[in-house]
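Hi everyone, thanks for coming. Today I'd like to walk you through one protein model, a few residues at a time.

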Amino acid sequence: MSNQIKVGIVGYGNLGRGTVEAIKQCPDMELVAIFTRRTPDSVSVNESNVQVLHISDAEKYKDEIDVMILCGGSATDLPDQGPYFARMFNTIDSYDTHAKIPEYFSVVDNAAKESGKTSIISVGWDPGLFSLNRLMAEAILPNGENYTFWGKGLSQGHSDAIRRVEGVVGGVQYTVPITEAVEKVKSGENPELTTAEKHQRICYVVAEEGYDKAKIEHDIVTMPNYFADYHTEVNFITAEELKVNHSQLPHGGFVIRGGKTGDNHKQIIEFSLNLESNPEFTSSVLVAYARAAYRLNKEGQAGAKTVYDVAPGYLSPKSAEELRRDLL
């Protein structure tokens, strides 16, 4: 297609690899280049027409890439990369440190407005799709309560945070909903639940040889925004056990709102996801929103956006007429 959206990717971990696959399913998009902090020759990409370049070369592609999809982690990558790339490109990212989203939004917004670019932040399924469902449910049932449960599944962001802890050479984290809490919510009781009453976080960690495991465990369970408010279990395992037993990336979860209408009638809204590959699904959401960022920028809508600011029609390759005919 001559009018394809030209896309770049920053970072080539699980999310970056998933983004490559997602772009392949979109005829209206073309992947131009992947930018990495590693030596480009060390990155193997089975796409002959896609360049692999060092991240320092990205600025040279300002006029060749319509949207840059940022696939770094929220703990240390995106706080720097978000505003940096927003000064040069329309961007999409999956920043998921919920408590710091307002602060991150402000920094990216300033950078994008200065450059006249459009940056959609915190895209994925939570934050992202689940955020939309929380908003819709609350607007429809104002007399009620929202509940979000994640898992059972492997969290990319929390696993990345574990691997940044000093003394850790590998690790993953599973989020597990507490069954009793889920049952209370689905019954329409609308219980008051603390963070710790809703989820357990189970970590499997490979420690650096000779490093103090007690210190690693302390640093994990006290980590703010990630583990401090939860029942967190840390299990130390070997690198081989990690590879054999924890190499898959499943996840999922659900948003539930229990509310009442009219003459005290109970109403339950539920939205759920069951994902065999968390990064591939998240990548697919990123790519859909890349289409939206491109369109919004063409309309002159510069600055940072969230999923709340993007009309659903911008995500689809179909025209407004086709959407009314096929999906409405």
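**A short tour**

Let's begin with H251, which touches W125, W150, G151, K152, G153, L154, S155, T175, N274, L275 and N278, leaving out residues up to four places away in sequence. Please keep in mind that this is a predicted model. You'll find H251 in strand 12, residues 251–261. Is H251 buried or exposed? With a relative accessible area of 6%, H251 is buried, because buried means under 20%.

Next stop, I237. This residue lies in the loop between strand 11 (231–236) and helix 9 (239–245). I237 is buried too, at a relative accessible area of 15%. Setting aside neighbours within four places in sequence, I237 is in contact with Y204, V205, V206, L242 and H246. I237 and G171 are 66 residues apart in sequence, and their C-alpha atoms are 8.9 Å apart in space.

Now for the charged residues. Side chains of opposite charge can pair when their charged atoms come close. How many salt bridges are there? The count comes to 16.

One of them joins the side chains of R291 and D28, at 2.6 Å from N to O. This pair links distant parts of the chain: R291 sits in helix 10 (residues 278–298), while D28 is in the loop between helix 1 (14–24) and strand 2 (29–36), 263 residues away. R291 counts as buried at 4% relative accessibility, and D28 counts as buried at 13%.

Finally, R37 and D77 meet in a salt bridge of 3.0 Å, N to O. Here R37 is exposed, with a relative accessible area of 54%, whereas D77 counts as buried at 6%.

Note on methods. Residues numbered from 1 in each chain as written. Predicted model: local features only at pLDDT ≥ 70, side-chain atom pairs only at ≥ 80, totals over all residues. Heavy atoms only, no water. Helix = DSSP H or I, 4+ residues; strand = E, 2+ residues; numbered from the N terminus. Buried < 20%, exposed > 50% of the residue type's maximum accessible area, 1.4 Å probe, protein only. Contact = heavy atoms within 4.5 Å. Salt bridge = Lys/Arg side-chain N within 4 Å of Asp/Glu carboxyl O.
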